[in-house]
Amino acid sequence: MTASDGRLVGDLAKAIDESDFAWSLVLVGEDQRDKLAALTGDLLGKPSSNGDGKQITSGYAYWGIGPTIAWAHACADPFYLVMKQSLDSFTRRWGRVRGRVGEGFHHVSFGVGTGHKDRLILEHLLEHNQDLLYLPVDMSSEMLRLGTREATHRVGPRGHRVVPVQLDFSITDNLAELRDLVHRLVGDEPVLYSLLGNTLANFDHDDELLANLTALARPQDRFLLEVATTEALSDDLARDAVEEYSRSRAYREFVTSALLHNTDLTITVDAVQFRGSVEGDRALKVKVVYQNQTGDDILMMLPDRTRVAFPDRDTIRLYLTRKYARRALDGIVRAAGMRKVTGTHSDFAVPRSAQGFGMDLLLLAPGDPVPAPRPDDDVARVIWEN
């Protein structure tokens, strides 16, 4: 960097800090044309009656101003129980773990959301590090604008110390670039990474995503993970999980918002269906789909203006979420190469039949990854089982 470059950066930082205008500087890490092409490709999937063909993957559910506004409305809906209880109980749960974070931390937040939780984290971290650097990371620039403004409102990080990053953090190559950026900005100073709001549960390969995100953490760093949990796994509880989401009209409007803004379909929230299942011994899974219930095959225009068939009874998967079995959490954490420093749990106030649902907040540190089984171990296992 030349001397003139340094003066420019300094002048820009001063202008942002001294202005009353709500400036937002965003580092855009991806070509938005590529994102639009990927969304179009996902909507070209094969016909399926159960949501295994056409789909809108996690980040695209929030991509654009329409879905961002719909998400904000859903979060304010008291009938969207998972989000309401998550927000209501976070202050208490964060208060129980924050003492184990340490001092001098910067903050990198994956999926900034509404920003309310990040604000509580920033308030604590700023008590011990006035030079804190805050990097919220999201695929949606509009979500970054919404969440970052709430997270920094009246908290006090100087404007030039807030660096929103537009990036799809589910892509491994993107994380490599993000790691280099963070390390150049903070040097050897510790970073608190966070993935809150049960965001992990929205991805098909959630175990792989967690491993990739936690791999960013150095020995001095920490990782804050929040997930929705269940004490038990059963088909009845899967139906209870479906009921939690299906009762909120605002949530239905949110999950269909990306479809409304990226196709020419006439959307009716009554065509949104919720499919619950048990995912092995690790989670309850809820798949949200939009089904053609018109009785006719129809044509659907995609973002590139092509028209494709949307046959009768065909579906588009809109969203995926989970409630993780609490007894499976330790294994999930170890498989990602991490260890639990501390954690806290809050139960939901839910109908009697669904007791055991809640939210867990885990503070993690790098640990030893689970070693792959050796061939001799497999042989020994077979001999023992025989």
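At 64% relative accessibility, Arg 305 counts as exposed, where exposed means over 50% relative accessible area, buried under 20%, and partly exposed in between, with a 1.4 Å probe and protein chains only. Arg 305 sits in the loop between strand 10 (298-301) and strand 11 (307-310); helices (H or I, at least four residues) and strands (E, at least two) are DSSP runs, numbered from the N terminus. Its phi is near 75°, a positive value in a residue other than glycine.

The model is a predicted one, in which local features need pLDDT of at least 70 and side-chain atom pairs count only at pLDDT 80 or more, while totals for chains, interfaces and linings use all residues. Residues are numbered from 1 along each chain as its sequence is written, and side-chain values use heavy atoms, with hydrogens and water left out.

A positive phi turns up at Asn 198 too, with a value near 60° in a residue other than glycine. Asn 198 belongs to the loop between strand 6 and helix 8. With 3% relative accessibility, Asn 198 counts as buried.

Next come the empty spaces. Rolling a probe the size of a water molecule over the atoms shows where empty space is left. On a 1 Å grid over the protein atoms alone, a cavity is a set of points where a 1.4 Å probe fits but cannot get out; a pocket is an open set with protein on both sides within 12 Å along at least five of seven lines; and lining residues have an atom within 4 Å of a point. Grid points are joined across faces, edges and corners, and a volume is the space filled by probe spheres set on the points.

By this rule there are two cavities of 30 Å³ or more. The largest cavity holds about 480 Å³ of space. Its lining is made up of 37 residues, and Trp 71, Gly 111, Gly 113, Leu 196 and Thr 199 are the ones nearest its centre. At least two lining residues come from each of helix 3 (65-75), helix 4 (81-97), strand 3 (106-110), helix 5 (116-128), strand 6 (191-195) and strand 12 (315-325). Sorted by class, the lining of the largest cavity has 18 nonpolar, 15 polar and four charged residues; here Ala, Val, Leu, Ile, Met, Phe, Trp, Tyr, Cys and Pro count as nonpolar, Asp, Glu, Lys and Arg as charged, and the others, Gly among them, as polar. Domain 1 (35-61 + 233-323) and domain 2 (63-232 + 325-366) each give at least three residues to this lining, with domain bounds taken from an automatic or database domain assignment.

The second largest cavity has about 30 Å³ of space. Around it are Ile 56, Thr 57, Ser 58, Asn 202, Arg 317, Leu 318, Tyr 319 and Leu 320, which split into four nonpolar, three polar and one charged.

As for open space, the second largest pocket takes in about 380 Å³. It is lined by 19 residues, and the closest to its centre are Thr 57, Asp 168, Ser 170, Ile 171 and Phe 203. Helix 2 (32-42) and helix 8 (206-214) each supply at least two of the pocket's lining residues. The lining of this pocket comprises six nonpolar, seven polar and six charged residues, and at least three of its residues come from each of domain 1 and domain 2.

Helix 6 (residues 141-152) has twelve residues, and its end C-alpha atoms are 16 Å apart, which agrees with the 16 Å it should span at 1.5 Å a residue; the expected span is 1.5 Å times one less than the number of residues. Its buried residues are Met 143, Leu 144, Gly 147, Thr 148 and Ala 151. Seen down the axis of helix 6, these fall within an arc of 115°, so they line one face of the helix; the arc is that of the directions from the helix axis to the C-beta atoms. Thr 148 itself is at 8% relative accessibility. From Thr 148 to Asp 118 is 30 residues in sequence and 8.4 Å in space, C-alpha to C-alpha.

Helix 7 (residues 172-186) has 15 residues and reaches 21 Å from its first C-alpha to its last, close to the 21 Å expected. Asn 174, Leu 175, Leu 178, Val 182 and Val 186 are its buried residues. They fall within an arc of 95° seen down the axis of helix 7, so they line one face of the helix.
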